[in-house]
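Have the 3D view open while you read.

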Amino acid sequence: MFGYDIGISGGVTSMDDFLEEFFPVVYERKHKAKEDNYCKYDNQGLQLFTSSLYLAALVSSFVASKVCTKHGRRLTMQAASVFFLIGVVLNAAARNIAMLIIGRILLGVGVGFANQLDVTIGIFVANIVNYFVSNIHPWGWRLALGLAGVPATMLCLGSMVIAETPTSLIEREQLMEGLAMLKKIRGTDNVNAEYEEILHACEMARQVKRPFRNLMKRSSRPQLVIAIAMQVFQQFTGINAIMFYAPVLFQTIGFKNDASLLSAVITGIVNVLSTVVSVVLVDKLGRRFLLLEACGQMLITQVAIGGVLLVNLKSTNELEHGVAVWVVVLVCLFVSSFAWSWGPLGWLIPSETFPLATRTAGYAFAVSSNMLFTFVIAQAFLSMMCHLRAGIFFFFAAWIVVMGLFVIFLLPETKNVPIDEMSERVWKRHWFWKRFMDEEEQDKKDSV
């Protein structure tokens, strides 16, 4: 659902039928040769169409965590799919900008309730859909937006048949139901030892008071700073600017509509395949190696893209075909390096560094930080491209340098380190973060 939405937005906003109906100013600007290439799509309303979802997801993710704890996974998934389906209907049937924006906000609530990690597959599917519906006039964009209902329907139907986990039931003090479900899952009545372990874990979790306040304690500073920084840096690589607006970007550099959408499909394929590389190599090569290698590759490609556009793309001309193809190749190299590093590791590292006492609260901060800066980039990118022109790529390149320095000096390696040993083996041995561990023992006493 999330990935499909990221991928579909840029394709729809580049379709003439959509622009003509909702953003006629952008449509006229796009088709005037005298209009500046870099400013064709600079429109706050058009950017709000993309970005409003992520602001809604930011807020709803906090609500969703409470709903999930109190009412369980099934109800949370059902709520997510209902919000998403209502948003899909409003978007696909939209007659004015208000319907579009309200629909996007409801999609954001759905994403906030059911954020998941199969994002790259969703982006790839969306790019394929954009390519095939772009020539269906005048309602191809409605089909593209409406097909977002397919994964939401699958989630809704699945949530009706999926079983609640024993842990979720026991957390909500439905002890007999939890025991029965555990026996059903294991296929045996001999589950007493595991049942007692779950009971103990849930009891320990209940003893953790004020998790958000605990997160503000000095000993939680390393995990919190790293979790938020990973999300901020993930967005300031420029990846979502490219994935949101890939068709728009490729049209800016001279590709026609079909060619730009096909180029977006190619980057989607690269994105999916490169994510698999991360899954295979992350525990062999380590987190720091993948992040630093990607910083080097992303820096080179961002600078190269910016340099090519600075030299070759002026206000009203088009890139030569050969040069434009090279830009697509560079974008693919950039996307591949992100997809095996900052993309998945931006979520993995926060999930394995927070201790039990602050894990839920810490991950909520990570998700909300991601959504906030996704909103910022989505709302600002087209305007930044208009004002900075090719310099937008040098802007992201500068951030990549900062990211690399952060990894070198402040991000410890967490490969093969159990969560319960993270303090002793990682934070207390780190040259900088160890100074925050002095009060850890006292913090542990205060948190229960």
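A crossing counts as left-handed if the near helix is turned anticlockwise from the far one by less than a right angle, and as right-handed if it is turned clockwise. Keep in mind that this is a predicted model.

With that in hand, look at helix 14 (residues 221-236), which passes helix 22 (residues 391-410) in a left-handed crossing. The two pack at an angle of about 155 degrees, and their axes sit 9 Å apart. Angles over 145 degrees count as roughly antiparallel, so that is how helix 14 runs relative to helix 22.

Who does the touching? On the helix 14 side, the contact is made by Ile 226, Ala 229, Phe 233, Gln 235 and Phe 236. Helix 22 brings Phe 395, Phe 396, Trp 399, Val 402, Met 403, Phe 406 and Leu 410. Sort the contact residues by type and you get 11 nonpolar, one polar and no charged.

Now for the cysteines. The structure has one disulfide, and it links Cys 39 to Cys 386 with an S to S distance of 2.0 Å. The torsion about that S-S bond is about 90 degrees, so the disulfide is right-handed. Cys 39 lies in the loop between helix 3 (24-30) and helix 4 (44-71), while Cys 386 is in helix 21 (residues 359-388), so the bond ties together parts that are 347 residues apart in sequence.

| Cysteine | Relative accessibility | Class |
|---|---|---|
| Cys 39 | 11% | buried |
| Cys 386 | 15% | buried |
| Cys 156 | 13% | buried |
| Cys 202 | 4% | buried |

Conventions:
Residues are numbered from 1 along each chain as its sequence is written. This is a predicted model: local features need pLDDT of at least 70, side-chain atom pairs count only at pLDDT 80 or more; totals for chains, interfaces and linings use all residues. Side-chain values use heavy atoms; hydrogens and water are left out. Axes are lines fitted to C-alpha atoms, for helices over the stretch in contact, and angles run from 0 to 180 degrees between N-to-C directions. Helices (H or I, at least four residues) and strands (E, at least two) are DSSP runs, numbered from the N terminus. Angles under 35 degrees count as roughly parallel, over 145 as roughly antiparallel, 65 to 115 as roughly perpendicular and the rest as oblique. Contact means heavy atoms within 4.5 Å. Ala, Val, Leu, Ile, Met, Phe, Trp, Tyr, Cys and Pro count as nonpolar, Asp, Glu, Lys and Arg as charged, and the others, Gly among them, as polar. A disulfide is a pair of cysteine sulfur atoms within 2.5 Å. Buried means under 20% relative accessible area, exposed over 50%, partly exposed in between (1.4 Å probe, protein chains only).
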